[in-house]
Amino acid sequence: MKFAYDIIKKPIITERSMMGAQNNKYTFEVAIDAGKIEIKKAVEEIFGVKVKKVNTIKLPGKWKRMGVHVGKRPDIKKAIVTLTPDSKGIELFENMM
């Protein structure tokens, strides 16, 4: 069994995610193997909000070079969580605006 803090790794703070936060859409980096239902339960448990829907995006890692050495960044998975209209906002994002 996974804990909520194992599923939600960190929030993604960018200009685009801040614009979405005004419409009750919050962006998080999540575990690669986490499903939408697990993500929904984890966000509701950690932040005490009601989740309407979850959209997920898998991003492949980029190939990088340093001289003759070639390496790859890790793959990541993002989740865009939409809250219900009557739900309170997530304070972490509210303090950034």
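These notebook entries record what I looked up in this structure, which is a predicted model.

**Entry 1: the largest pocket**

I began with the largest pocket, for which I noted a volume of about 220 Å³. I then asked which residues line the largest pocket. The lining consists of Ile 12, Thr 14, Arg 16, Ser 17, Gly 20, Lys 25, Thr 27, Ile 57, Lys 78 and Ile 80.

Next I looked up the elements behind the lining of the largest pocket. Helix H2 (15-21), strand E2 (25-30) and strand E6 (76-83) each contribute at least two residues. The most comes from H2, which supplies 3 residues.

**Entry 2: the largest nonpolar core**

I turned to the nonpolar interior. In soluble globular proteins, nonpolar side chains tend to be buried together. In this model I found 21 residues in the largest nonpolar core. Ile 8, Phe 28, Ile 39, Val 43 and Val 81 have the most contacts inside this core. Two or more residues each are given to the core by helix H1 (4-7), H2, E2, helix H3 (36-47), strand E3 (51-59) and E6.

**Entry 3: salt bridges**

How many salt bridges does a search of the whole structure find? I recorded 3.

In one of them, the side chains of Lys 2 and Asp 33 meet at 2.8 Å, N to O. This pair links distant parts of the chain, with Lys 2 in the segment before H1 and Asp 33 in the loop between E2 and H3, 31 residues apart. Lys 2 is partly exposed, at a relative accessible area of 34%, whereas Asp 33 counts as exposed at 55%.

I also noted a salt bridge between the side chains of Lys 10 and Glu 29, at 3.8 Å, N to O. Here too distant parts of the chain are linked: Lys 10 lies in strand E1 (residues 8-11) and Glu 29 in strand E2, 19 residues apart. Are these two residues buried or exposed? Lys 10 is partly exposed, with a relative accessible area of 47%. Glu 29 has 13% relative accessibility and therefore counts as buried, the limit being under 20%.

Finally, I looked up the salt bridge between the side chains of Asp 75 and Lys 72, at 2.8 Å, N to O. Asp 75 counts as partly exposed at 40% relative accessibility, and Lys 72 counts as partly exposed at 41%.

Technical notes: Residues numbered from 1 in each chain as written. Predicted model: local features only at pLDDT ≥ 70, side-chain atom pairs only at ≥ 80, totals over all residues. Heavy atoms only, no water. 1 Å grid on protein atoms, 1.4 Å probe; cavity = no way out; pocket = protein on both sides within 12 Å on 5 of 7 lines; lining within 4 Å. Points joined across faces, edges and corners; volume = space filled by probe spheres on them. Helix = DSSP H or I, 4+ residues; strand = E, 2+ residues; numbered from the N terminus. Core = buried A, V, L, I, M, F, W, Y, C linked by side-chain atoms within 4.5 Å. Buried < 20%, exposed > 50% of the residue type's maximum accessible area, 1.4 Å probe, protein only. Salt bridge = Lys/Arg side-chain N within 4 Å of Asp/Glu carboxyl O.
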